[in-house]
Every structure is written in structure tokens, then in C-alpha cells.
Amino acid sequence: MGVKERKERERHQRANDILEAAKRIFESKGFLNTTLQDVAKEAEISVGLIYRYFQSKEDIFASLALKGAEQFDTDLDAILKKATNPRKRSMVSGAMVLREVGRAFFSFYGPYGEYFDMLIYSYKGLKEIQIQGATMTRLMSITLTSLDKLKTFIQGSDEFYAKEEDEALRVVFLLWGILLG
């Protein structure tokens, strides 16, 4: 292994260490009550070092949400794979799939719910947030991918009366709206 690969691995590990420290602090103090100084202390590094990896506290939180969204998408894949398994399909109802999707969503939303508030505030111009473009793009991409997977499942299911793409999208957005509250 060359020096370049080792440094990249160490950089990735340091960013992950910062994220894990931030997650612990966010869980104990809440996002709004946490400062970058708190995160730096928990990670046993300087605040300046945090800025080498993240633009802001919001950027750290968005990166944690991205990890959660990736996990939700993986969980969704497993749920839909189980539901579309030809040997077990008759035993898995659409209602059971939606229940499992809801459980997976709340496993993700519980720790990262404040992130959605941050996005809404930013979107409405109520708060300016600094999040790396690549993080935001990846998070939106994963979310859209998850929604598309749900749409495809609903469109292909005999239990839903949504065979057209527009109809299936309406069901997905209704479900997503219900989950978001």
C-alpha cells in the first residue's frame, strides 16, 4: 500500500471519528445545543481540524443524515427483495411491506429528524446553512432512489391500484408525507 492510499484511509477514518463524536454529542445535548467546541472535545481534536473535514455543524449533521439515508436505502432493498421473492411472495402482503418500510423509516428518522427541519428552514430561507454540495447531492440522490424503489414496488404490486407511474408516485408521496408527519 502506498503513502497516498494510507493518507486517504487515515483521512476517511478521521472524518468518521468526527462524525461518531458528533453523533454522541447530538444525541446527548441535541443539535441546537451542540457547538463545534463540544464536538472537538469529544473527538479529542481542535475545532480547526474539524474545518479541514466539514464546513459547519450543519455539514456534520447532514453527513450523519447521509449515513442514515444510506442505511435506510439498504434496509428498503432488503424489505423489497423479501417482498418480491417469488417463493415467498404469497406470504408477504402490501400492508406488511408498508409496515416494514415505516419501521425502517422511523429507525432512520428518529436520530436524524432535526435534519429535515434544517432543510425546510434552509429551503424557506429562514436559515442559511453551510453543507458541502456533494453531501447534499448524494443525500437527495439516495432519497430519490428510495422513493423510486417504492414507486416501482407499488406499480408492480397486485394489491395497489396504481399501475400507471403517476398513480404510483401519488401513493409514494402520500406515504412519504404521512411518514414525515
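**View 1. F153 and its neighbours in the predicted model.** F153 touches L80, A83, T84, V97 and F160, leaving aside residues up to four places away in sequence; contact here means heavy atoms within 4.5 Å. A second, separate core of 19 residues includes A15, A43, F54 and L64. A nonpolar core is a set of buried Ala, Val, Leu, Ile, Met, Phe, Trp, Tyr and Cys residues joined through side-chain atoms within 4.5 Å. Buried means under 20% relative accessible area, exposed means over 50%, and partly exposed lies in between (1.4 Å probe, protein chains only). As a note on reading these views, this is a predicted model in which local features need pLDDT of at least 70 and side-chain atom pairs count only at pLDDT 80 or more, while totals for chains, interfaces and linings use all residues. Residues are numbered from 1 along each chain as its sequence is written, and side-chain values use heavy atoms, with hydrogens and water left out.

**View 2. The largest nonpolar core, with 27 residues.** F72, V97, V101, L150, F153, I154 and W176 have the most contacts inside this core. Two or more residues come from each of α4 (57-83), α5 (94-123), α6 (133-156) and α7 (165-180). Helix α4 gives the most, with eight residues. Helices (H or I, at least four residues) and strands (E, at least two) are DSSP runs, numbered from the N terminus.

**View 3. I154 in helix α6.** I154 counts as buried because its relative accessibility is 0%. Not counting residues up to four places away in sequence, I154 touches F160, A162, A168, V171 and V172. The C-alpha atoms of I154 and L169, which are 15 residues apart along the chain, are separated by 8.7 Å.

**View 4. M136, also placed in helix α6.** With a relative accessible area of 22%, M136 is partly exposed. Its C-alpha atom is separated by 8.5 Å from that of S63, 73 residues apart along the chain.

**View 5. The second largest pocket.** About 310 Å³ of space lies in this pocket, and its lining is made by E8, R11, H12, A15, N16, L19, Y53, F54, S63, Q132 and T135. Helix α1 (residues 3-29) supplies the largest share of the lining, six residues. By class, the lining has four nonpolar, five polar and two charged residues. On a 1 Å grid over the protein atoms alone, a pocket is an open set of points where a 1.4 Å probe fits, with protein on both sides within 12 Å along at least five of seven lines; lining residues have an atom within 4 Å of a point.

**View 6. Aromatic pairs, eight by count.** Rings of Phe, Tyr and Trp (its six-membered ring) pair if their centres lie within 6.5 Å; planes under 30 degrees apart count as stacked, over 60 as edge-to-face and the rest as tilted. F26 and F31 form a tilted pair, 5.4 Å centre to centre with 55° between the planes, and both residues are buried. The rings of F105 and F106 have their centres 5.4 Å apart and their planes at 80°, so this pair is edge-to-face. F105 is buried, with a relative accessible area of 0%, whereas F106 counts as partly exposed at 46% relative accessibility. Ring pairs link F72, F105, F106 and W176 into a cluster.

Definitions and conventions
Points joined across faces, edges and corners; volume = space filled by probe spheres on them. Nonpolar A, V, L, I, M, F, W, Y, C, P; charged D, E, K, R; others polar.
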